[in-house]
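Please read them beside the structure itself.

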Amino acid sequence: MAFVLALTIGFVAGLRSMTAPAAVSWAACFHWLNLEGTPLQFMGSGVAVAILTLAALAELVADKLPRTPNRTSAGPLIGRIVLGGLSGAALSLAFGNSLLAGAGLGGLGAVLGAYAGYHARRRLVAGLKTRDLVVALGEDVLAIALAYLVVTR
């Protein structure tokens with residue numbers, strides 16, 4: 001189950017890169033995930049929660065700006081892979097499994113989420129003949145809800 005959750009939290013990072021680590025950080029802070037004694041114990045600290053939450057909120061705003069780079073271009077995609085890997089590793093460790101396996105699955109999930117989100121958003125905007133903002137807000141809700149479901153399992 002931990003590996004499915006690691007892949008799924010990576011998928012969230014592919015949709016909204018900072019939402020995944022922010023959710024994991026909150027879960028560790030509330031002791032929904034036990035990261036004590038692991039290399040990722042810091043994610044449950046108040047400082048990590050504050051920084052990751054602010055970054056996630058900033059990303060939710062920045063995603064709607066016209067100059068925001070495409071999530072599938074090299075820089076943003078690498079960032080999503082790293083953040084998905086970090087989040088997946090934390091989930092894997094919380095279940096007593098391998099850090100590396102969780103990181104790999106989280107990174108893979110991030111790639112899947114980035115491309116799935118990109119193509120779904122483009123198709124929905126065109127198919128519904130609506131503004132990108134409407135679909136982007138729906139994607140925000142999906143990413144947050146999915147992250148919550150993952151970290152509360």
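**Notes on pockets and helix packing**

1. Helix 2 gives the most to the lining of the second largest pocket, with five residues. Helix 2 (19–29), helix 3 and helix 6 each supply at least two residues of that lining, where helices are DSSP runs (H or I, at least four residues) numbered from the N terminus. The model is a predicted one, in which local features need pLDDT of at least 70 and side-chain atom pairs count only at pLDDT 80 or more, while totals for chains, interfaces and linings use all residues. Residues are numbered from 1 along each chain as its sequence is written, and side-chain values use heavy atoms, with hydrogens and water left out.

2. The second largest pocket holds about 260 Å³ of space. Of its 14 lining residues, Thr19, Ala22, Ala23, Trp26 and Ile144 are the closest to its centre. By class the lining has 12 nonpolar, two polar and no charged residues, with Ala, Val, Leu, Ile, Met, Phe, Trp, Tyr, Cys and Pro counted as nonpolar, Asp, Glu, Lys and Arg as charged, and the others, Gly among them, as polar. A pocket here is an open set of points on a 1 Å grid over the protein atoms alone, where a 1.4 Å probe fits, with protein on both sides within 12 Å along at least five of seven lines, and lining residues have an atom within 4 Å of a point. A volume is the space filled by probe spheres set on the points.

3. Thr53 is found in helix 3 and touches Ala22 and Trp26, not counting residues up to four places away in sequence; contact means heavy atoms within 4.5 Å.

4. The largest pocket has a volume of about 490 Å³ and is lined by 22 residues, of which Asp63, Thr68, Pro69, Arg71 and Arg121 lie nearest its centre. Its lining draws at least two residues from each of helix 3 (46–62), helix 4, helix 5 and helix 6 (132–151), and by class has nine nonpolar, four polar and nine charged residues.

5. Helix 4 (residues 74–94) and helix 5 (residues 99–128) pack at an angle of about 135°, with their axes 6 Å apart; axes are lines fitted to C-alpha atoms, for helices over the stretch in contact, and angles run from 0 to 180 degrees between N-to-C directions. That makes helix 4 oblique to helix 5, given that angles under 35 degrees count as roughly parallel, over 145 as roughly antiparallel, 65 to 115 as roughly perpendicular and the rest as oblique. The residues that meet include Gly84, Gly85 and Gly88 in helix 4 and Gly102, Gly106 and Gly107 in helix 5, and the contact has 10 nonpolar, seven polar and one charged residues.

6. Helix 1 (residues 2–15) and helix 5 pack at an angle of about 40°, with their axes 6 Å apart, which makes helix 1 oblique to helix 5. Among the residues that meet are Phe3, Leu7 and Phe11 in helix 1 and Leu105, Leu108 and Leu112 in helix 5, and this contact has 13 nonpolar, seven polar and no charged residues.

7. Helix 1 and helix 4 pack at an angle of about 150°, with their axes 8 Å apart, and are therefore roughly antiparallel to each other. Their contact, by class, has eight nonpolar, six polar and one charged residues.
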